[in-house]
Amino acid sequence: GSDDFCPGGSIYPNLKESSLFLYPNQDVYFPPCKRYRISAPFIFAGGKFEQKKPSIEVLPDECLFEIFRRLPGGQERSTCACVSKRWLTLVSNIRRDEISDNKTPQASDLEHENTDKKGGVSSEDVDSDVEGDGYLSRSLDGKKATDIRLASIAVGTASRGGLGKLFIRGSKSRHGVTTVGLRAISRGCPSLRVLSLWNLSSVGDEGLCEIANGCHQLEKLDLCHCPSITDKSLLAVAKGCPNLTDLTIEGCANIGNEGLQAIARSCPNLKSVSIKDCPLVGDQGVASLLSSASYSLTKVKLQALNITDVSLAVIGHYGKAVTDLSLTSLPNVSEKGFWVMGNGHGLQKLKSFTVTSCRGATDSGLEAVGKGCPNLKQLCLSKCPFVSDKGLSSLAKAAGSLECLQLEECHRISQFGFFCSLINCGAKLKVISFANCLGIKDLNSGLPPLSPCESLRSLSIHNCPGFGDASLFALGKLCPQLQHMELCGLHGITDAGVLPLLESCEAGLLKVNLSGCVNLSDKVVQTISNLHGWTLELLNLDGCKISDASLVAIAENCHLLTDLDISKCTITDSGIAALAHFNPINLQILSVSGCSMVSDKSLPSLGKLGETLLGLNLQQCKAISSRAVALLTEQLWRCDILF
């Protein structure tokens with residue numbers, strides 16, 4: 001101890017006798033004890049007592065930072081990060097290259113000696129390899145997207161394989177993600193390869209620049225509705241992330257041509273680009289991306305941009321590696337742009353082409369695309385008001401490799417365009433789909449003898465009111481190998497038109513969707529069950545005029561059926577009982593929504609079906625009580641029940 005209290009030294013000449021101290025008039029013995037240095041919890045300052053802070057909290061951030069970075073492993077740093085937000089912030093700001101190696105020379109020599117003896121790799125080497133892999137994924141949504149959680153992710157994943165993918169879906173919370181959180185990620189997660197930022201108004205250029213400076217392995221970047229991010233961020237990404245392969249930008253009003261040009265110059269491995277609703281992006285930015293990544297860019301999606309025919313001309317000339325192209329809502333692109341793109345002879349590898357709401361898509365442009373894209377396999381046209389039968393027929397003749405044709409809201413297409421495309425698409429067409437095409441009317445006269453389309457496997461006609469029995473009768477002669485058939489919302493078709501089509505399908509139907517065809521009866525269902533029950537897996541009869549007789553036919557013949565929808569049909573408890581009576585049936589999804597004559601009496605039958613059911617829809621079944629549903633829910637614990 002200290003002698004400050006007695007400057008002259010000890011009051012006992014013999015130290016051994018100092019332990020034998022007796023208070024006056026008291027016979028008390030005090031045994032010898034060790035003196036402890038005790039820090040008082042209070043200090044006297046300014047004439048009053050103040051509570052003394054713990055000594056570790058008095059240390060400045062710089063000292064704590066030096067301590068943390070000298071800790072021997074990631075688990076120790078993670079433990080320290082759990083103490084307080086201050087410690088979490090400090091630990092999360094430690095870069096991987098700032099972590100100090102605390103091994104002594106002796107320990108290092110011993111480790112090398114053990115490694116040589118075992119002929120293997122040291123545990124430290126294994127740990128360092130694991131930390132750099134970056135196979136972990138994390139996702140933050142809404143109010144959970146905060147800087148504190150990002151700091152925790154940065155610290156926690158560092159010793160558990162490293163963070164590889166991060167998805168952040170922000171909200172309007174005051175405590176949302178800012179630059180602080182992204183800085184923690186950039187310093188603690190250098191292995192990050194995928195970053196997706198959605199609806200983050202508080203994240204600006206500074207935060208993304210931190211990512212670019214710390215995450216040099218970044219390959220995929222998705223920016224959606226981040227209004228504070230500008231071209232400065234893309235300049236930093238281009239400089240710090242040369243391995244970028246996928247870039248998606250949507251609703252970022254302050255990103256323009258300069259940022260895209262920087263990406264084009266510095267990211268030679270770019271494979272996929274998607275740009276939507278960015279008013280500052282024009283022909284210069286798009287042209288730079290296409291021309292610089294001519295031999296690597298495979299997927300291009302442009303939507304709601306102020307680009308002109310120049311961009312399409314560049315795509316047609318430099319898109320040598322493009323396999324997927326999607327153009328949506330481009331008001332400044334004219335017929336000339338599509339024509340030049342098709343005649344550019346650069347889209348030789350194009351396989352999938354989607355055009356939506358582009359007034360420049362016309363017959364001549366479509367014909368040019370068909371001739372200039374010999375390997376085109378999938379074509380989707382939606383809301384193209386100037387595409388007519390002529391253009392569709394020309395495309396079908398030119399695109400000999402076409403396998404899938406999908407049209408939606410193309411009202412200038414008539415029944416002649418439909419059948420011409422079916423006949424002229426060659427021997428490779430597998431899927432044809434028409435939806436909401438009001439120009440299609442039923443055939444007034446029969447078609448001349450035509451060779452069948454042996455390759456067609458899927459036929460889908462949705463909400464085309466003019467499509468009737470005559471068209472179905474003609475289809476029956478052309479599609480003998482159908483496996484998937486969807487005829488939805490066709491009020492003009494009856495049993496007379498559907499039956500010949502069903503009878504002509506030789507391969508056996510796997511999926512049949514007749515929802516909204518209100519004029520179809522039990523005869524159609526019985527034919528389906530008899531002819532295709534041995535292959536049928538899905539049957540949708542929503543809104544059809546069927547009765548319990550159809551369910552009896554299904555139960556007897558459709559032993560492979562897993563998905564059955566009989567919503568809004570006139571079935572009763574007897575039909576459900578018949579369905580449950582046959583053991584071979586293996587239903588997994590059953591919908592009886594809106595069947596008003598199905599009551600609590602069906603509870604035992606539904607319970608028996610529930611041995612295999614995974615989903616049951618009982619919505620708007622007014623004759624079924626809540627008590628019955630509660631009992632059924634308890635019995636069918638593995639089945640999701642909607643009521």
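**Exercise 1. The nonpolar core**

Of the 179 residues in the largest nonpolar core, which touch the most other members?

*Before you start.* This is a predicted model, in which local features need pLDDT of at least 70 and side-chain atom pairs count only at pLDDT 80 or more, while totals for chains, interfaces and linings use all residues. Residues are numbered from 1 along each chain as its sequence is written, and side-chain values use heavy atoms, with hydrogens and water left out.

*Solution.* 
Step 1. Buried means under 20% relative accessible area, exposed over 50%, and partly exposed in between (1.4 Å probe, protein chains only).

Step 2. The residues that touch the most other members are Phe 353, Phe 434, Ile 566 and Leu 590. Helix H7 (residues 147-156) gives the most to this core, with five residues; helices (H or I, at least four residues) and strands (E, at least two) are DSSP runs, numbered from the N terminus. The core also draws at least three residues from each of domain 1 (58-93) and domain 2 (134-281), with bounds that come from an automatic or database domain assignment.

Step 3. Now look around Phe 353. Contact means heavy atoms within 4.5 Å. Leaving aside neighbours within four places in sequence, the contacts of Phe 353 are Leu 325, Leu 327, Phe 338, Met 341, Val 369, Leu 376, Gln 378, Leu 379 and Cys 380.

Step 4. For background, nonpolar side chains in soluble globular proteins tend to be buried together.

**Exercise 2. Helix H15**

Find out how many residues of helix H15 (residues 363-372) are buried, and what they pack against.

*Solution.* 
Step 1. Seven of the 10 residues are buried, so H15 is largely enclosed by the rest of the structure.

Step 2. Those seven are Asp 363, Gly 365, Leu 366, Ala 368, Val 369, Gly 370 and Gly 372.

Step 3. Their packing partners are helix H14 (335-343), strand S11 (352-356), strand S12 (378-382) and H16. Val 369 you have already met, as a contact of Phe 353.

**Exercise 3. A helix pair**

Describe how helix H16 (residues 389-398) and helix H17 (residues 415-424) meet.

*Solution.* 
Step 1. Their axes come within 8 Å and cross at roughly 5 degrees. Axes are lines fitted to C-alpha atoms, for helices over the stretch in contact, and angles run from 0 to 180 degrees between N-to-C directions.

Step 2. H16 and H17 are therefore roughly parallel to each other (angles under 35 degrees count as roughly parallel, over 145 as roughly antiparallel, 65 to 115 as roughly perpendicular and the rest as oblique).

Step 3. H16 contributes Asp 389, Leu 392, Ser 393, Ala 396 and Lys 397 to the contact, and H17 contributes Phe 416, Gly 417, Cys 420, Ser 421 and Asn 424.

Conventions. Core = buried A, V, L, I, M, F, W, Y, C linked by side-chain atoms within 4.5 Å.
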